[in-house]
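Trainee: Hi! Could you walk me through this one?
Mentor: Happy to, let's open it up.

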Amino acid sequence: MVRSPKQFALDEAVKVLDRIPILGAVKDEIARLRSLLYDRRTPRFAVLGLPESGRSSLLQALIERGSGGELRAEHDAWVQIAHESAKVDWLELDINDDNAKSHWRSAVEQKVPDVVLVTIEPADIERAEEILVQSDALLRDLPSGAERPRIFPLLTQSDLIGTGERDAEALRRTLTQTLRRSKINADPPRAVSSLTGQGLEGLSEAIVLALPEEARVEAARSLTRASEARVRIANEIVRACTSISMTVGITPIPFSDMAVLGPVQLMMVSAIAYLSGRQWNRRTAAEWFASLGVAGTIAFGMRYTAQAVLKFIPVAGNLVSAGFAGGGTSAMGRSAIKYFLRTDD
């Protein structure tokens with residue numbers, strides 16, 4: 001399997017860090033980065049409901065980048081959707097199909113969904129309990145040992161309800177009461193509109209939080225409206241890389257920083273660029289360095305030099321070097337977040 005630049009950088013950094021005696025202090029951070037970046041995979045969404053309940057339009061609204069073109073997934077089997085920078089595994093199933101159970105069993109033998117979206121359009125609100133119960137029955141038929149995915153009941157096409165949001169909210173409350181009556185373990189129902197985007201931002205953020213760690217980067221990159229999730233994950237990456245950098249900085253090995261910090265910082269910045277939907281290449285790197293300006297680029301270079309010199313000063317030099325390493329990595333990460341994710345935080 002060909003390794004991506006982020007995977008290569010993490011592998012090289014871990015090889016060097018494995019030789020450092022105090023690696024235990026950052027073991028959790030390295031494991032977290034491995035889950036988020038090295039082991040990352042596409043998120044798996046199973047979408048259950050009646051025909052014409054807005055599943056394909058929901059898919060389009062969740063990942064659309066504005067380039068046009070209709071997105072449709074085949075029914076009854078997993079399909080990997082690749083649209084611009086978005087990648088998701090998508091399974092659509094008609095629960096009233098006589099073969100729904102066999103299609104479901106065949107699909108989950110290949111891949112177990114991370115989340116399940118149950119789509120209920122306004123015209124079918126009277127059948128909501130039936131739809132929810134049938135969906136829950138399918139979820140009981142997962143492979144042995146598989147973790148039950150989170151269920152998100154969705155009142156779709158809410159823009160078609162009556163005269164506005166008050167009517168949509170009334171139907172959402174009705175759906176909430178139906179969910180309680182059926183005693184199904186699921187998230188609170190959400191009213192969403194693929195046409196106006198109503199409710200899709202909150203849904204996107206909730207989906208990312210519900211996913212296993214290894215699927216969060218691709219999900220945050222793919223779900224257009226999950227802007228808070230992208231910034232949150234980017235900050236997690238920066239914190240982990242800063243902790244690793246400080247650990248390396250405190251080790252009494254002159255010039256070890258350059259061997260480790262370079263790959264770690266490269267991985268950090270390229271991961272943030274990837275989260276934004278960009279690929280990390282020479283052009284992207286050049287644009288980001290240009291955004292730093294001459295003063296910023298020189299400052300990063302001076303940090304490396306200062307850290308190496310300070311390693312020759314026993315104890316105190318190591319502590320100051322750790323501060324330089326951590327501070328420099330943190331500053332670099334904040335700069336990348338501001339540039340790639342367009343935030344002033």
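Mentor: We'll take the sheet, then a pair of helices, then a single residue.

Trainee: What should I know before I start?
Mentor: This is a predicted model, where local features need pLDDT of at least 70 and side-chain atom pairs count only at pLDDT 80 or more, while totals for chains, interfaces and linings use all residues. Residues are numbered from 1 along each chain as its sequence is written, and side-chain values use heavy atoms, leaving out hydrogens and water.

Trainee: Okay, what is the strand order in the open sheet?
Mentor: The six strands run β2-β3-β1-β4-β5-β6, with mixed pairing. Helices (H or I, at least four residues) and strands (E, at least two) are DSSP runs, numbered from the N terminus. Two strands pair if DSSP finds at least two bridges between them.

Trainee: And which are the edge strands?
Mentor: β2 (79-83) and β6 (190-191), each pairing on one side only.

Trainee: Do tell me about β3. How many bridges join it to β1?
Mentor: Six, and β1 (residues 44-49) and β3 (residues 86-94) run parallel. With β2, β3 pairs in the antiparallel sense over five bridges, and V79 stands opposite W90 of β3. The hairpin of β2 and β3 has two residues between the strands, and E84 takes a positive phi near 55° there.

Trainee: Is β3 buried or exposed?
Mentor: Eight of its nine residues are buried, so β3 is largely enclosed by the rest of the structure. Buried means under 20% relative accessible area, exposed over 50%, and partly exposed in between (1.4 Å probe, protein chains only).

Trainee: Switching to helices: how do α2 and α8 cross?
Mentor: The axes of α2 (residues 27-38) and α8 (residues 213-222) come within 6 Å and cross at roughly 45°. Axes are lines fitted to C-alpha atoms, for helices over the stretch in contact, with angles from 0 to 180 degrees between N-to-C directions. The two helices are therefore oblique to each other (under 35 degrees is roughly parallel, over 145 roughly antiparallel, 65 to 115 roughly perpendicular, the rest oblique).

Trainee: Which residues meet there?
Mentor: R32, S35, L36 and L37 in α2 meet E213, E214, R216 and V217 in α8, where contact means heavy atoms within 4.5 Å.

Trainee: Last one: where is V231?
Mentor: V231 is found in helix α9 (residues 227-250), and it is buried, with a relative accessible area of 16%. V231 and L275 are 44 residues apart in sequence and 8.7 Å apart in space, C-alpha to C-alpha.
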